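Keep the structure open as you read.

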Amino acid sequence: MKTHLHIDWTSCDGRGLCAELLPGVLDRDDWGYPVARGKVGRERTDVPLRDADREAAREAVFLCPRLALSLLDGKAPETGKQVPGQ
Amino acid sequence: MSQANDTYPPVPLQPAQDTTRQEPRLLAAGADAGWEQHVGTFGSSEPHTAGPGLLEALAEAGLTGRGGAAFETWRKATAAAGSVRKGLFPARPVVIANGAEGEPLSFKDRTLLTHAPHLVIDGLIALAAALGGAEMYVYAPAAGLPHVQRAVGERPRGKRIRVVQAPETFISGESSAVVNMIANGSAVPTDQRRRLSESGLNGRPTLVVNVETLAQVALIARYGAQWFRQAGTGTDPGTRLVSVSGPAPVRDVVLEVPGGAPLSAVLREAGMDPAALSAVLVGGYHGRWVRPAGHTLSPVGPPSRVVRPGAGVIHALDLQACGIQATARIVSYLAGQSARQCGPCMFGLPAMASVLNRIAGGEANPRLASELDRLGRLVSGRGACRHPEGTTGLVSSALEVFAADFRAHVSGYCTGPGGAAA
C-alpha cells in the first residue's frame, strides 16, 4: 500500500506551507507552487510518499489554507489483467 | 478550415504513390447522409441490443481512441463497467460522445458529424447498451449541432439522447471539462482524485468517447473485429480520419487512412510534395513536429520512426516558413487557452511563450533555448489536465527538429525569409 500526496492544482495558490513541512519531498517553482523533487509526469500531481514522510504529509493536508492537498491510499493502477466486459 | 465540408468525398489530387489508399469506411454513406442513406449503405442494425460481447469485439479489434490519447477503447469501457458493479447499489453509467474539436487545425470530427451523424449515434447506442443501458449524451460544437439534432430526430429511440453544445475553446474537449460542462455549464477541467470511469457525471461511472471512435465502434458492432483488422497493421489496426492542411494553395482535406500509414504518402494524397516541406506538425498543438519523410502514423512504436497521430492533425510547413515563428504563435495561443486554474500552467505557459517569442524575434541570447527547456520541464505533469505537458512536448519537438534554426535565431538571424530577425 503506497500512499500518494495528491495536489489539486485548481485549488493550490502557492502559499508554500506544504514545501516547508515536507522539504525533502516538495520544492517550490518560480512562482511559489510546489514541485515534487526528483519526480516526472503524473507523479508530480500524485506524489508517492515514503513512510517516514507520511506524518508530515498528513499535517500538510490538514494545514493547507487552500485545502488543495489530500492523501490517496494504495491506489490500484490500471493493470493489463483486465478481461473485456468483465 | 472552412472548406472542410466541401472536401467530401476525399478525392486525392494526385495518385497516391504508397499504400495509403483506403476505401472510405466512415464516410461511405456519402455527403450529408440521412437515416435512409445511412441504413442503405451500412445495413440496418440493432445497436441497442449490444451486450458485453461488444467489449470483447472491441478488444479483438484493437480499437484505440481517435480523440488524442489513443487509449484502448475496450479497457476504458470495461473499467466503467467494473465501476458500475462495484457500488452497493449499481449506479447507472453515462456515455458521452465527444465531438468538441478545440484543436484549431482539426476538422475531421466536424466533417464526420456533418456527413455521418448516424454512425456516431449507432456507436453511442451500442456502447451504452453494452454497459447495461447507460445514459447518453452527444457533446458537439455549434457547427455539428444541427446535424446531430436532425439525426437524433430522424431515428427510432433518438429521444433518449441528450445533445449539449460544446464551447469553442481549446480545452473544451478534455474529458473532465466535458463532464464539467454537462454538469455545471463550465467547460474547464476539474481536479481528478478518481478516474471518470469510476466517478464522472453526477458521480456515475462515465465514458467520454471521441465521435470518430464511436463511429468505429458502430462498424465493429456491425461487421466484426476481423473486418476491422483488414485495414491497417497488426499494431495499429483499422483506419483513422486525419485533418490535413498545408501551405497555400493546398486545400484542407479530411482523409481516411489505414493504421500505420506512411506520413509522406498521406501528404502526397493531400496534394503535397514532401520534398517541398520543411516539417510537419502531427497530432495537433499538443503533438510533435517531424520531418516530412521517414515517419509512419501510429500510436505505438519508436519515436524515431513513428509519430503518434493524436487527434489526427497533420499540418505541413513549407520550406520558406520559419518553424520557430510557427511554434511561437502556437505556444502563444496555447498560453492564452489556459483555463487559468492551475498555477504552473497559468504562469508557466505565458513564460514559455515569452521566451519563444524572444527567440523568434531574433534576440541574440544563447541562454534562451535552455531557459525554454527548463520551463518546459518545470510545468510538465503539474495540472488538472495535460495542457502543460502537451505544450512542453510540442516545444521540445521544435527544439529538436528546428535545432539549426534555433542556433541561427539566438545568433541573431533567421534562416527563413520574412522573419523579424532576417
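Predicted model: local features only at pLDDT ≥ 70, side-chain atom pairs only at ≥ 80, totals over all residues.

Where chain A meets chain B, the contact draws on 21 residues from chain A and 23 residues from chain B.

Staying with chain A for a moment, look at A:Leu63, which sits in helix 2 (residues 54-63). A:Leu63 counts as partly exposed because 14 other C-beta atoms lie within 10 Å, and a residue needs 20 or more to be buried. From A:Leu63 to A:Gly41, 22 residues apart along the chain, the C-alpha atoms are separated by 26 Å.

Now for the inside. In soluble globular proteins, nonpolar side chains tend to be buried together. Here the largest nonpolar core has 154 residues, and those touching the most other members include B:Leu58, B:Val120, B:Leu124 and B:Val266. Helix 5 (residues 117-130) of chain B is the top contributor to this core, giving 10 residues. Zoom in on B:Leu124: beyond its neighbours within four places in sequence, B:Leu124 is in contact with B:Val95, B:Ala97, B:Met136, B:Val138, B:Ile161 and B:Leu214.

So much for the core; what about confidence? Chain B averages a pLDDT of 91, with 93% of the residues scoring at least 70. Residues 1-18 of chain B stay under 50, and the model gives them 38 contacts beyond four places in sequence. Residues 418-422 of chain B also have pLDDT under 50, with 14 such contacts.

Key: Residues numbered from 1 in each chain as written. Chains lettered and ligands numbered in written order. Contact = placed C-beta atoms within 7 Å. Helix = DSSP H or I, 4+ residues; strand = E, 2+ residues; numbered from the N terminus. Buried ≥ 20, exposed ≤ 12 C-beta atoms within 10 Å, placed from the backbone. Core = buried A, V, L, I, M, F, W, Y, C linked by C-beta atoms within 7 Å. pLDDT = per-residue confidence, 0-100.
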